[in-house]
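Hi there,

Here is the structure I promised to pass on to you. Have a look around first, then read my notes below.

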Amino acid sequence: HVPQIDGDQVVACVFTSGSTGDPQPNFKTWGRLAIGMRGESARFGVGPGHAILGTVPPQHMYGFESTVLLPLASGAILTAERPYYPADIDSLIRCLPSPRTMFITPFHLRVWLESGESERIETLVSATAPLPVSLAQMAEQRTGAKLYEIYGCTEAGQVATRRTTLSPEWQAYDGLRLWTEGEYALVS
């Protein structure tokens, strides 16, 4: 059951990574987070009965949105485990009912795939760094999954996705618009 929370209510304070200076706080309202949860749920077809797992910690904005808030909003199964080693990832996949969606980073995806045989899974989602097309192709071939990439940042949250093996074009979540002005990318 999704809690009934006022859309203007601040429910989280997340910090930028500090990669471009000192970490900066970003206060998140329930309404803004709910837009991302609805967009993510619709884009990946996640709902009741789906199992969500992730190698990304919930302290990271991507992990928070995808492995905590997405199951809360969609009725999907929330898994508390955060597998790190390839064998642990495979073991957790085998334990979960289908359909399963795993949220992972490009680095972790490469290590998992290069470890040997990887379990079959329905959906993979990558974020936090650019995903090489060759890695996306290998992931889809080895796991049978559809692999998506998320574009987002701590300040704006998740804003767009693409199926990396099919197109370089990003598709904004419903209700959001992306554009550039000079060196800056803007979202509304």
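Arg94 is exposed, as its relative accessible area of 52% is over the 50% cut-off. Please keep in mind that this is a predicted model. The side chain of Arg94 forms a salt bridge with that of Glu119, with 2.9 Å from N to O. Arg94 belongs to helix α3 (residues 86-95) and Glu119 to the loop between α4 and β6, so this pair ties together parts that are 25 residues apart in sequence. Glu119 itself is partly exposed, at 25% relative accessibility.

How many salt bridges does the structure hold? There are five. As a reminder, side chains of opposite charge can pair when their charged atoms come close.

Another of these pairs is Arg110 with Glu114, whose closest N and O atoms are 3.6 Å apart. Both residues sit in helix α4, four residues apart, which is about one turn of the helix. Arg110 is partly exposed at 32%, while Glu114 is exposed at 54%.

Arg162 and Glu149 also make a salt bridge, and here the closest N and O atoms are 3.0 Å apart. This pair links distant parts of the chain, with Arg162 in strand β8 (residues 157-162) and Glu149 in strand β7 (residues 146-153), 13 residues apart. Are these two buried or exposed? Arg162 is buried, with a relative accessible area of 17%, and Glu149 is buried at 3%.

Glu149 also turns up among the contacts of Ala129, which, leaving aside neighbours within four places in sequence, touches Pro106 and Glu149. Ala129 lies in the loop between β6 and α5 (133-143) and is partly exposed at 35%. Its C-alpha is 8.4 Å from that of Phe107, although the two are 22 residues apart in sequence.

Next, take a look at Ser118, in the loop between α4 (106-114) and β6 (123-126). Ser118 is buried, with a relative accessible area of 9%. Beyond its neighbours within four places in sequence, Ser118 is in contact with Asp90, Trp112, Leu113, Arg142 and Thr143.

Val187 comes from strand β11 (residues 184-187) and is partly exposed at 33%.

Finally, the cysteines. A search of the whole structure found zero disulfides. For Cys13, the nearest cysteine sulfur is that of Cys153, 15 Å away. Cys13 is partly exposed at 34%, whereas Cys95 is exposed at 60%.

Enjoy exploring!

Terms used. Residues are numbered from 1 along each chain as its sequence is written. This is a predicted model: local features need pLDDT of at least 70, side-chain atom pairs count only at pLDDT 80 or more; totals for chains, interfaces and linings use all residues. Side-chain values use heavy atoms; hydrogens and water are left out. Helices (H or I, at least four residues) and strands (E, at least two) are DSSP runs, numbered from the N terminus. Buried means under 20% relative accessible area, exposed over 50%, partly exposed in between (1.4 Å probe, protein chains only). Contact means heavy atoms within 4.5 Å. A disulfide is a pair of cysteine sulfur atoms within 2.5 Å. A salt bridge is a side-chain nitrogen of Lys or Arg within 4 Å of a carboxyl oxygen of Asp or Glu.
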